[in-house]
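Thanks for coming. Please look at the screen.

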Amino acid sequence: MKKMLGISVSYLLFGLIVGLFFHEAAYYTNFDGKSVLGVVHGHALALGTAVFLAIPVLMQVFHLEQHKSFRLFVYTYNAGLWATLVFMTIRGLVQLFSFPISSFADHMIGGLAGISHIVLTVGIYFLFRTLFSAMKE
């Protein structure tokens, strides 16, 4: 449980830092458009902090840590979420600072973000698999 709370805090810190950075960078660059960087902090707080704050409660009630698929959830979900947040941050920085990137790089960022979302979805599958398995017991 302590590990889950530590993971939750790491997402909280990342989300707050990115949110503050976006606010200050947008202010100093007079950016008034839309940027993906503006929603990264919300994703980190909701999909990272909130989920890993709820997991210890579920662990206490259903003893999730006894199931093999729970470990798969933790690793897969974290890998998918961190990758998603990184690629969203990269996309947002490109938009915020108007970095000139090639069409290939632009499509690569989008493709890797899409793959990250798929990995995140697989992690959610493992969570539900664990929950259904724990409910049967």
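Helix 2 and helix 4 cross in a left-handed way. Left-handed here means that the near helix is turned anticlockwise from the far one by less than a right angle; clockwise would be right-handed. The helices themselves are DSSP runs of H or I, at least four residues, numbered from the N terminus.

This is a predicted model, in which local features need pLDDT of at least 70 and side-chain atom pairs count only at pLDDT 80 or more, while totals for chains, interfaces and linings use all residues. Residues are numbered from 1 along each chain as its sequence is written, and side-chain values use heavy atoms, with hydrogens and water left out.

Back to the crossing. The axes of helix 2, residues 37-62, and helix 4, residues 103-136, come within 12 Å and cross at roughly 20°. That makes helix 2 roughly parallel to helix 4; the term covers angles under 35 degrees, with over 145 roughly antiparallel, 65 to 115 roughly perpendicular and the rest oblique. An axis is a line fitted to C-alpha atoms, for helices over the stretch in contact, and the angle runs from 0 to 180 degrees between N-to-C directions.

Which residues make the contact? From helix 2 they are L47, I55, L58 and F62, and from helix 4 they are L120, L127, L131, A134 and M135. Contact means heavy atoms within 4.5 Å. These residues divide into nine nonpolar, no polar and no charged. Nonpolar covers Ala, Val, Leu, Ile, Met, Phe, Trp, Tyr, Cys and Pro; charged covers Asp, Glu, Lys and Arg; the others, Gly among them, are polar.

Next, T76, which is found in helix 3, residues 68-97. Is T76 buried or exposed? T76 is buried, at 16% relative accessible area. The cut-offs are under 20% for buried and over 50% for exposed, with partly exposed in between, using a 1.4 Å probe and protein chains only. A polar atom of the T76 side chain lies 2.7 Å from the backbone oxygen of L72. Leaving aside neighbours within four places in sequence, T76 is in contact with V119, V122, G123 and F126.

Last, two loop residues. N30 lies between helix 1 (2-28) and helix 2, and its phi is near 55°, a positive value in a residue other than glycine. N30 is exposed, at 65% relative accessibility. S98 sits in the loop between helix 3 and helix 4, with a positive phi of about 50° although it is not a glycine. S98 is exposed, with a relative accessible area of 57%.

Key. A polar contact is a pair of N or O atoms within 3.5 Å; within protein, one must be able to donate a hydrogen and the other to accept it, and residues adjacent in sequence count only if both atoms are side-chain atoms.
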